[in-house]
Amino acid sequence: MKEKIFINARIIDPSQNMDEKGSLLLNEKGKVKAIGKNVKKSDANKDAEVIDLKGNVLIPGLVDMKAFVGEPGYEYKENFRTLSQAALAGGVTSIVTMPNTKPIIDNVSMVDFIIRRGRDKANVNLFPCASITKQCEGKLMTEFGLLSGRGIIGFSDVNKTIQNTELMSRIMDYASDIGVLIMQHAEDYELSKNACINDGEVATRLGLQGISALAEKIIIERDLSLLSEYPCRYHINQISSKQSLEVIRKNKNNGKKFSVGVSINNLSLNENDIGEFKTFLKLSPPLRLEDDRLSLVQGIKDELIDVIVSDHLPEDEESKRLPFAQAATGAIGVETLLPLSLEMYHNESLPLNKIIETLTINPAKILNIKKGTLTKGSDGDICIFDLEAPWKVDADKLKSKSKNTAIENRNLQGKILMTYLNGELVYSN
Amino acid sequence: MAVKKNNTAIKNSPKHLLGIQNLSIVEAKSILDEAKKFIELNRSSSKKLDVLRGKTQINLFFEPSTRTQSSFDLAGKRLGADVMSMNMDNSALKKGETLIDTAMTLNAMHPDLIVIRHQDSGAPNLLSQKVNCAVINAGDGRREHPTQALLDALTIINRKGKIEGLKIAICGDILHSRVARSNIYLMNMLGAEVNVIAPKTLMPKSIDRMGVKSFTDMRKGLEGTDIVMMLRLQNERMQGSFLPSKREYYEFYGLTPEKLKFAKKDALIMHPGPMNRGVEIDTKLADDINVSLVKEQVELGVAVRMACLKKYCK
């Protein structure tokens with residue numbers, strides 16, 4: 001591989017507090033050799049490839065902490081190849097994959113399979129999760145130590161919650177000793193039984209069973225109480241309400257160490273967008289009030305929420321073309337993660353640096369991986385985008401195998417131009 | 001060759017009756033006016049018309065129903081349509097067929113009307129996107145039951161001469177009731193003032209946003225009302241404990257002659273049926289022909305459904 005130098009770039013790398021016009025030089029191995037305003041074209045070898053970015057933005061490749069790949073078992077929804085294509089088209093170079101496949105990733109042989117399969121078929125950095133409990137049933141914990149040893153990055157029962165408090169305390173106790181990351185979906189089952197939408201006016205009008213924000217808050221309060229006793233690496237996958245945020249504010253202000261994620265959907269949509277039974281907007285946690293959405297945005301600003309995830313959940317049309325209560329939950333999102341996040345910059349809700357931080361270095365720090373940064377020696381995973389270019393979301397043009405986007409026809413501003421993985425061009429618009 | 005002119009009035013009128021929410025006041029009134037004409041017909045000895053002769057109406061009932069299904073059945077037949085009633089409890093759905101597939105199958109038989117009742121809110125909306133004929137909602141989950149609200153309106157107009165300016169109380173299991181929702185929309189639209197009365201656990205969230213006053217004290221809620229609509233406790237939709245007991249419910253929310261005194265002197269009682277006597281209503285009160293409109297509701301139900309079938313059948 002030749003050296004590559006990206007010139008005339010606006011480089012934003014929150015891991016080194018960088019937002020400046022400059023150049024990025026990658027060495028022959030695709031690693032960062034030099035970065036910033038002081039890097040000149042003459043610093044590169046004579047035969048280096050010169051890429052003129054004409055003022056467009058260059059950031060570390062995105063790290064998406066929550067995405068579902070259909071392999072094994074649900075290849076008709078998404079496979080490693082289509083997930084990679086969608087991710088790269090969205091500037092995402094590292095993906096944490098969820099274990100709720102068929103079979104569920106809860107044992108060592110499944111991990112070996114998925115890592116091999118991912119290496120052969122995927123073209124992004126994959127960081128697989130295993131389930132916290134066997135079969136995601138919330139009864140018996142999985143082999144945290146052995147699974148971590150085989151390359152598991154963290155543990156999550158995905159959209160299921162450990163209801164049993166005693167079990168959760170043991171999970172956290174055990175995890176605290178061996179230092180593994182526990183990622184919890186916060187939902188009290190008794191309060192969310194048969195529910196599919198926020199408990200509010202829209203639920204009343206549509207005649208649907210609502211999920212109270214309390215269902216989320218109660219589990220977060222419980223887990224954070226346990227965390228005082230068993231200080232493990234604890235992460236809340238996604239929060240959706242102002243109530244949860246206030247609990248998090250109180251605990252973080254008291255110095256408790258844990259991390260929090262939010263789905264881009266909950267940052268950019270509210271319950272009114274569901275209209276008359278749009279099943280593509282049936283999500284978990286559900287879309288809530290505009291007031292909740294605004295407080296989540298504020299939560300990012302106040303550094304109470306650490307990461308934005310796509311919660312990429314491909315579903316085939318058949319599972320969505322059902323009455324709302326029966327329809328599958330979730331929406332795709334890895335490809336539109338960055339452009340949709342940029343909406344919060346364009347409407348002046350968040351500074352650009354903050355948005356990039358929650359999509360790059362913050363998730364990398366939580367996961368304890370050397371990604372989401374372009375400091376000297378880092379991998380050449382790069383996303384280059386035009387901050388201003390407008391475009392319209394067209395589900396049919398998205399790369400994902402399933403087309404269940406929650407933002408069909410939405411006008412976005414900010415377009416991915418190129419994505420590099422280890423110094424190689426892997427996507428170009 | 002003569003160019004066919006687009007009749008925009010027809011073009012803009014909606015194809016389906018999915019709920020009162022999608023209905024304009026003009027449409028609601030036109031249905032009620034049309035229904036009035038059918039009341040006399042239904043009381044005469046020769047009840048059959050041929051307005052819908054040659055048309056096919058399919059009644060698709062995924063939930064058991066006595067009065068609504070037979071009412072639609074009769075309404076279609078009296079207008080001369082060929083009516084087929086499908087009891088979906090024991091059909092393909094049990095074999096795993098989806099609602100959409102059932103819809104496509106039926107659509108291939110070229111029906112002109114599909115009347116659907118389904119346990120899931122929004123099922124008629126989904127169906128209407130996939131078939132070529134008109135879809136009439138005969139009750140979906142806890143969302144809407146438009147023809148029930150229309151027949152309630154007709155019954156009130158028949159007795160009180162109008163709806164505008166009346167005070168109407170809807171009392172009981174509001175949370176699980178599609179009848180309550182449709183009636184709230186329709187009675188509000190037609191100019192009535194609506195009170196809803198329920199124990200807190202059976203009151204939906206943000207109900208005040210729908211233009212009603214909510215009460216947990218039945219006596220206060222009934223004060224000065226012209227119409228008292230009682231709802232059935234929907235035990236089949238209740239999971240877990242919403243109430244301590246039926247006895248306690250009757251004590252606080254059962255309609256008794258004593259509680260009725262808080263309403264206006266000439267107040268009338270309605271109930272969409274089937275009734276749980278001694279749970280939500282005193283049995284003598286329910287049968288008192290001077291105050292109870294229950295039988296009239298059933299009678300006018302046929303007229304309203306005839307009007308709906310006629311209006312939506314193209």
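A:N409 is partly exposed, with a relative accessible area of 48%. Buried here means under 20% relative accessible area, exposed over 50%, and partly exposed in between (1.4 Å probe, protein chains only). This is a predicted model, in which local features need pLDDT of at least 70 and side-chain atom pairs count only at pLDDT 80 or more, while totals for chains, interfaces and linings use all residues. Residues are numbered from 1 along each chain as its sequence is written, chains are lettered from A and ligands numbered from 1 in the order in which they are written, and side-chain values use heavy atoms, leaving out hydrogens and water.

A:N409 lies in the loop between β16 (382-392) and β17 (411-421) of chain A. Its phi is positive, near 70°, and it is not a glycine. A:N17 also has a positive phi, of about 50°, without being a glycine. Its loop runs between β1 (4-13) and β2 (18-26) of chain A. A:N17 counts as exposed, at 75% relative accessibility. Most residues other than glycine have a negative phi, and most peptide bonds are trans.

One joins A:E71 and A:P72, with omega about -5°. A:P72 sits in the loop between β6 (62-67) and α1 (80-89) of chain A. Another runs from B:G273 to B:P274, with omega near -10°. B:P274 belongs to the loop between β9 (268-270) and α11 (283-287) of chain B.

Chain A as a whole has 14 helices and 18 strands. Its radius of gyration is 21 Å, close to the 22 Å that the globule rule gives for 429 residues, so chain A is as compact as a globular protein of that length. The radius is taken over C-alpha atoms, and the rule is 2.2 Å times the number of residues to the power 0.38. Helices (H or I, at least four residues) and strands (E, at least two) are DSSP runs, numbered from the N terminus. The C-alpha trace spans about 65 × 45 × 45 Å along its principal axes. Of the 429 residues in chain A, 62% are buried. Contact means heavy atoms within 4.5 Å. Among contacts in chain A with a separation of 6 or more, 74% link residues 24 or more positions apart.

Helix α10 of chain A covers residues 290-301. At 1.5 Å a residue, its 12 residues should span 16 Å; the end C-alpha atoms are 17 Å apart, which agrees. The expected span is 1.5 Å times one less than the number of residues. Buried residues of α10(A) include A:L296, A:V297 and A:I300. Their cover includes α8 (242-253), β14 (259-263) and α12 (337-346) of chain A. Just after α10(A), A:E303 takes a positive phi of about 60°.

In chain B, the 19 residues of helix α2 (residues 25-43) should span 27 Å; the end C-alpha atoms are 28 Å apart, which agrees. Among its buried residues are B:I31, B:L32, B:F38 and B:I39. The buried residues of α2(B) pack against α3 (67-78), α6 (146-160), α7 (178-189) and α12 (294-312) of chain B.

A:N100 is buried, at 17% relative accessible area. Beyond four places in sequence, A:N100 is in contact with A:F68, A:Y74, A:V158 and A:N159. B:H118, in strand β3 (residues 113-118) of chain B, is buried at 2%. Leaving out residues up to four places away in sequence, B:H118 touches residues including A:P323, A:Q326, B:F62 and B:R178.
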